[in-house]
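Please walk through this structure with the model open beside the text. The account begins with a single residue and widens from there.

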Amino acid sequence: MADTSRRPDPAPTFHGEPRGVGAALAGLLVETRSVMPAAGATGLSLVLVIAAMCFLASLALGAALSVERVASDWTSDLAGALTVQIKPSPETPPEEQIDAVMAVLDGTPGVLSATALSRADTEALLEPWLGAGNVTEDLPLPRLVDIRIDAAAPPDLAALAGSIAAAAPGATLDTHRQWRTELRRAARAAIFLAYGILAAVAATTIAIVTFATRAGLSANRDVVEVLHLIGARDRFIAAEVQRHFLHLGFRGGLIGLALSVATFLALNLTGGGDGLFMVPISGLQPEHYPVLAAVPFAAAAVAVATARITVMRSLERML
Amino acid sequence: MIRFENVGMRYGMGPEVLRDVSFHLAPASFHFLTGPSGAGKTSLLKLMFLATRPSRGLITMFGKDIATLPRAELPPLRRRIGVVFQEFRLLDHLTTYENVALPLKIQGRGEDSYRADVEELLAWVGLGDRMSARPPTLSGGEKQRAAIARAVVAQPDLLLADEPTGNVDPEMGQRLLRLFVELNRLGTSVLIATHDRALVETAGAPELVLHKGGLTIRG
């Protein structure tokens with residue numbers, strides 16, 4: 001404190017060491033002075049490229065998360081539901097078949113409720129295909145019983161299927177297993193695709209940062225040589241360069257993240273994402289946003305690591 | 001401390017610019033390096049500040065054989081050598097203060113530990129009011145003094161200067177010579193390449209004379 005009065009016009013200095021978490025975070029955003037010249041002209045365009053990459057990465061990650069969530073919602077929904085389908089039989093009238101099935105279901109532990117659909121309900125289900133009033137009285141229609149089971153303590157489905165088939169000829173238990181398997185397969189494919197995009201975006205970012213680092217080094221070859229001649233080690237130079245890329249990566253990451261969050265929120269509001277992957281992208285839940293918030297940090301980490309490795313490799317070829 | 005034995009040097013496949021150069025610089029010695037333009041002064045200095053390796057011969061610096069020294073061991077040696085480059089080679093994006101403080105920063109020292117010393121040195125070479133200026137805005141003489149300040153700031157064991165008084169008036173030249181002599185008294189070996197006869201005669205130090213790539217010692 002005492003020497004500030006002695007020095008009326010303090011010379012600009014190198015960056016001080018950051019102190020504390022707040023200062024460290026601020027240091028991520030505010031670029032301090034470096035011994036290596038900032039790549040000036042390439043700075044903004046590089047931020048924009050990294051922002052675009054992070055936007056794509058966040059979209060892919062968000063899509064993966066919401067597909068995962070929606071698929072698990074659906075499968076658990078379906079897992080709690082069964083259907084008994086009763087084909088019309090020449091011997092037994094449908095009402096008797098239903099009564100027999102209902103009797104079996106009532107006596108089965110783990111069945112929460114069983115609702116028989118009336119013939120009118122069944123006709124309503126067919127209406128989209130056959131049109132209203134086109135179902136004649138004598139058209140034999142299968143009847144359906146909708147069953148909700150306790151997912152925590154499900155009944156023995158194989159035994160139940162056996163006793164239902166025995167109770168009423170033509171009655172079969174549909175566990176939706178096939179539909180569920182296909183849904184899961186589709187969801188897995190979508191998630192795999194999303195992570196594939198994420199990997200491609202990361203690889204592209206690495207290539208771009210490598211290129212930019214090399215360009216910056218060769219533009220500042222003279223500075224690097226002077227630093228070497230006055231005794232700088234490679235890791236000192238690498239540290240100066242990678243700090244620059246830390247800021248570029250983090251800033252680009254923040255911009256990309258902001259754009260992607262805005263996109264997800266807009267999709268949520270308009271509900272316009274329903275068609276994407278056949279799954280509502282708006283399945284993104286509040287708890288997913290912290291995962292997306294990791295994207296700028298990941299971008300900064302990738303940029304820093306890439307820049308460091310590139311600098312160390314390039315400098316090894318100099319004396 | 002520094003020993004050259006039959007050193008030869010050529011750039012690429014070109015002719016030898018230095019031929020069979022042998023000499024020895026003792027610790028705390030003071031020498032001038034003279035000779036006509038193109039005689040190889042800068043090439044000899046380049047070998048000494050480890051910017052290049054000899055084509056043949058043996059160079060020992062601080063007890064290490066330069067030809068076989070691994071790359072990773074060069075920085076500690078270079079930190080013991082202060083260099084005033086002929087074309088100054090200040091970093092244009094840093095201020096004068098930062099340029100001069102750079103060798104200390106590179107050594108990993110905190111700014112608090114050297115700030116006062118750097119400011120004092122800058123005041124001594126007459127750049128006290130130009131600390132925040134960047135090299136492109138400095139005059140030739142100011143750049144030269146900044147380059148000298150950077151070379152001496154870490155109190156090196158060896159100071160190499162290529163035409164250090166070429167851009168200053170005779171009065172400033174004498175002042176800078178006194179700085180070199182003072183540094184030499186504190187134990188630094190000094191080698192100054194120069195055309196300035198007045199400087200050589202004032203100091204009265206021995207001369208290494210280069211002529212067409214060969215070296216003789218006078219005085």
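Leaving aside its neighbours within four places in sequence, which residues is Arg130(B) in contact with? The model is a predicted one, and in it the contacts of Arg130(B) beyond those neighbours are Thr96(B), Leu138(B) and Glu142(B). Arg130(B) sits in the loop that runs between helix H4 (111-124) and helix H5 (140-152) of chain B. Arg130(B) counts as buried because 20 other C-beta atoms lie within 10 Å, and the cut-off for that label is 20 or more. Val181(B) is 51 residues away from Arg130(B) along the chain, and the C-alpha atoms of the two are separated by 25 Å.

Leu50(B) belongs to the loop between helix H1 (41-48) and E4 of chain B. The phi angle of Leu50(B) is near 60 degrees, which is a positive value in a residue other than glycine. Leu50(B) is classed as buried because it has 21 C-beta neighbours inside 10 Å. Arg89(B) is found in the loop between strand E6 (81-84) and helix H3 (96-106) of chain B. Its phi is positive too, near 55 degrees, and Arg89(B) is likewise not a glycine. With 20 C-beta neighbours inside 10 Å, Arg89(B) is therefore counted as buried.

The strands of chain B come next. Strands of a sheet pair through backbone hydrogen bonds, in either a parallel or an antiparallel sense. One sheet of chain B is open and has 4 strands, in the order E2-E1-E4-E5, with antiparallel pairing. Its edges are strand E2 (16-25) and strand E5 (64-65) of chain B, each of which pairs on one side only. Strand E4 (residues 56-61) of chain B is joined to E5(B) by 2 bridges in the antiparallel sense. Within that pair, Thr60(B) stands opposite Asp65(B).

Strand E3 (residues 30-34) of chain B runs parallel to E8(B), and 4 bridges join the two. There, Phe32(B) has Ile192(B) as its bridge partner. Strand E7 (residues 158-162) of chain B also runs parallel to E8(B), with 5 bridges between them. In this pair Leu159(B) stands opposite Val190(B).

How many of the 5 residues of strand E8 of chain B are buried? The count is 5 of 5, and the strand is mostly covered. Both faces of E8(B) are covered, with Ser189(B), Leu191(B) and Ala193(B) buried on one side and Val190(B) and Ile192(B) buried on the other.

In soluble globular proteins, nonpolar side chains tend to be buried together. The largest nonpolar core here has 118 residues, and the members that touch the most others are Ala303(A), Ala149(B) and Leu160(B). Helix H3 (residues 41-79) of chain A gives the most to this core, 17 residues. A separate core has 16 residues, including Val84(A), Val104(A), Val145(A) and Ala168(A).

Chain A can now be taken as a whole. Its secondary structure comes to 11 helices and 4 strands. Of its 319 residues, 32% are buried. Among contacts in chain A with a separation of 6 or more, 86% are between residues 24 or more positions apart. The domain assignment divides chain A into domain 1 (35-74 + 187-315) and domain 2 (88-169). The C-alpha centres of domain 1 and domain 2 of chain A are 54 Å apart.

The two chains meet in a contact that takes 15 residues from chain A and 20 residues from chain B. On the side of chain A that touches chain B, the largest share comes from helix H8 (residues 221-229) of chain A, with 3 residues. The residues on that side of chain A are 12 nonpolar, 2 polar and 1 charged.

The last point is the confidence of the prediction. For the complex, the predictor gives an ipTM of 0.92 and a pTM of 0.76. Chain B has an average pLDDT of 91, and 100% of its residues score at least 70. Where pLDDT is low, the predicted coordinates should not be read in detail.

How values were computed: Residues are numbered from 1 along each chain as its sequence is written. Chains are lettered from A and ligands numbered from 1 in the order in which they are written. This is a predicted model: local features need pLDDT of at least 70, side-chain atom pairs count only at pLDDT 80 or more; totals for chains, interfaces and linings use all residues. Two strands pair if DSSP finds at least two bridges between them. Two residues are in contact if their C-beta atoms, placed from the backbone, lie within 7 Å. Ala, Val, Leu, Ile, Met, Phe, Trp, Tyr, Cys and Pro count as nonpolar, Asp, Glu, Lys and Arg as charged, and the others, Gly among them, as polar. A nonpolar core is a set of buried Ala, Val, Leu, Ile, Met, Phe, Trp, Tyr and Cys residues joined through C-beta atoms within 7 Å. A residue is buried if 20 or more other C-beta atoms lie within 10 Å of its own, exposed if 12 or fewer, and partly exposed in between; C-beta atoms are placed from the backbone. Domain bounds come from an automatic or database domain assignment. pLDDT is the predictor's confidence in each residue, from 0 to 100.
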